[in-house]
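Hi,

Here is the structure I promised to pass on to you. Have a look at it first, and then read on for what turned up in it.

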Amino acid sequence: MSEASPTPAAAPGRTMIEVRNVVIEFPRRRVTLGTVESSFMKLIGRHKTANFTAVNDVSFDIREGEVVGIIGRNGAGKSTLLRVMAGIYRPDRGQVRVGGRVSLLAGLGVGFNVNLSGRDNIYLYGSILGHRREVMDKLMDQVIAFAELEEFIEEPLRTYSTGMRARLGFSVASAVRPEILLIDEVLAVGDARFKERSTARIQQMVKEAGSVVVASHSFSTLRQVCTRLLLFERGRLIAQGKPHDVIAHYMKDEPPEVQRANAAPP
Amino acid sequence: MSPDFADATEADVPDAAGAGAASSTHGAAATDDRAGLREVNPRIPLLAGPRAMLRSLWTHRSLASNFIGRDIRLKYRDSALGYVWSLLEPLMLSAVYYFLYVVLAGVPNKRHPLWIILGVITWQFFAKALNGTLTCLTKNETMIKQVYFPRELFALTTVGSQLMMAMLSLLVAIPLMLYFGIAPSLWLLMVPAALVIVALLALGSGLALACLNVVNRDVEHLMRFVTRVGVFVSPVLWTVEMAPKSKTVMLHYIMYNPMTVPITMVRDGIAGHAPALGVVPMLVSISVAILAFLFGAMIFKRYEGEVVKKL
């Protein structure tokens, strides 16, 4: 196991993601009776407030064919880092460069409108994810079929159950295969039957994507799918390497009952 | 990967030249396989803001048309009369204005209700477009945090759907023109031109304030008040001709209001005569609108990346 060295020697393929010295600071929000003028001073950076550093000087590379897991406790910066790679947050220092189309699987169905029909929502959500209308036209039947919503697709979304909405969201989000797939936490949605199918589809996406980064707490899944793990603690990358080794490193600070619950199968 | 999927990939590269320059800074460490990498969400130079904004509107045209379509469909949903309301409401209002202004207040101009209707529709377009633009980051917080696309799309599509609705509402002029016996003329072309001026003004000032509003939401409360007061300060319920001729200073101040020219252009266009205010104020108004847009776009693109972390 190497201590945060940028490139592991054994990695195959070309570089798909290059994260260099990325720092993300969140301002601690405090709105008082500050005048518009003083907020303008804050905005242009003349007025320094104490910041919370969510990601602290992180560097790593991810090569084609790798499936990299990100682990760490709540607040370690896992989601923030995924968002930086997806372009949602711009690093305060450092930069992220990518070698392909990035897709972040998180917040399924964001932008859904309950008063539009299922079909309209497929177009809407598809375009939010960056797919052109022509692409969605081609994928439409397949998206509806995978969500198993053929009979309801012209009905407004407000008549759908929570599970139906989740199925529709997942079906759209997973319809296009990205070159770089970022997955945030648990994605299996819907009833048991759909959970199985969506898990299978994620595995298919992982297989077909150039590179995958997945943030999760599920060590059994990570052991199965990942070629490498990155361990984060309070915004810093503190260890990386083979899943087994990194999980062991993480576990040695955990209480015994957590260790037992997450022990590797014999 | 099919080239169909190039949409988002292209969109995230505001400047190909800029990306190339960024990769050369890593020249020492970079091996050949890194040449194709592009920076995610790079900083945009202040002056490149407007161009980046127009480019993202083009690359995300599917998103833009979906957002505009959504807004319009939602406006008329679950209503039997639907779009008819957009005509019925101003028509009924003009009956009220006729009673208030022509019957009660004794305004000599019988067409005054028409001028008010046109003023109100134009002003409402401005107010809704401005308020929609300046709240575009705060209102879309959840979407901004889950998925990336250039955030100006929220502002551009709000103004776009308001523009569509304003044009649909302005069709109410047709029955009123028939009633007052006004023949359509080529001057009607001033109407869409005026709406574009209004759109650029609203977009520019809204974009300039949108980032500030994330830091301090007093901005949106203040601006809601400003757009309400503006109804009376601008020639919405009155016309420029009604300003007392003896008080030239007053006329002077009226002309400083950037909404005076576009509102008057809409009225002149419908009335079918040359712009009553003259060509020079029109050219000034067009220039001010374009400058407002350029300024707003620069401010927005410069600060948007920083303020989304405060959402």
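This is a predicted model: local features need pLDDT of at least 70, side-chain atom pairs count only at pLDDT 80 or more; totals for chains, interfaces and linings use all residues.

Between chain A and chain B, about 5,300 Å² of area is buried, and carbon and sulfur atoms account for 53% of it. The two chains also share four salt bridges. One of them joins A:Asp61 to B:Arg34, with 2.6 Å between the closest N and O atoms.

Next, the sheets. One is an open sheet of four strands in the order E2(A)-E1(A)-E4(A)-E1(B), and its pairing is antiparallel. At its edges, pairing on one side only, are strand E2 (51–63) of chain A and strand E1 (38–39) of chain B. Chain B's strand joins through strand E4 of chain A (residues 93–98): E4(A) and E1(B) pair in the antiparallel sense over two bridges. If you want to find the spot, look for A:Arg97, whose bridge partner in E1(B) is B:Glu39. Helix H2 of chain A (residues 78–86) packs on this sheet, where it touches E1 (15–27), E2 and E4 of chain A, and its direction makes about 120° with that of E1(A).

There is also an open sheet of six strands in chain A, ordered E5-E6-E7-E3-E8-E9, with mixed pairing. Its edge strands are E5 (102–105) and E9 (236–241), and the twist from one strand to the next averages 20°. For a parallel pair, see E3 (residues 67–71) and E8 (residues 228–233) of chain A, which are linked over four bridges; there, A:Gly69 has A:Leu229 as its bridge partner. H2(A) turns up here too: the helix lies across E3, E5, E6 (180–184), E7 (211–215) and E8 of chain A, running at about 150° to E6(A).

Which residues have the most contacts inside the largest nonpolar core? They are A:Ile17, A:Phe60 and A:Met85, in a core of 162 residues. Helix H11 of chain B (residues 190–215) supplies the largest share of this core, with 16 residues. A:Met85 is worth a click: leaving aside residues up to four places away in sequence, its contacts include A:Ile17, A:Phe60, A:Ile70, A:Leu182 and A:Val213 from chain A, as well as B:Val40 from chain B.

Enjoy exploring it!

Best wishes

Definitions and conventions
Residues are numbered from 1 along each chain as its sequence is written. Chains are lettered from A and ligands numbered from 1 in the order in which they are written. Side-chain values use heavy atoms; hydrogens and water are left out. A nonpolar core is a set of buried Ala, Val, Leu, Ile, Met, Phe, Trp, Tyr and Cys residues joined through side-chain atoms within 4.5 Å. Buried means under 20% relative accessible area, exposed over 50%, partly exposed in between (1.4 Å probe, protein chains only). Contact means heavy atoms within 4.5 Å. Two strands pair if DSSP finds at least two bridges between them. Axes are lines fitted to C-alpha atoms, for helices over the stretch in contact, and angles run from 0 to 180 degrees between N-to-C directions. Buried area is the accessible area (1.4 Å probe) that two parts lose on being put together, summed over both. A salt bridge is a side-chain nitrogen of Lys or Arg within 4 Å of a carboxyl oxygen of Asp or Glu.
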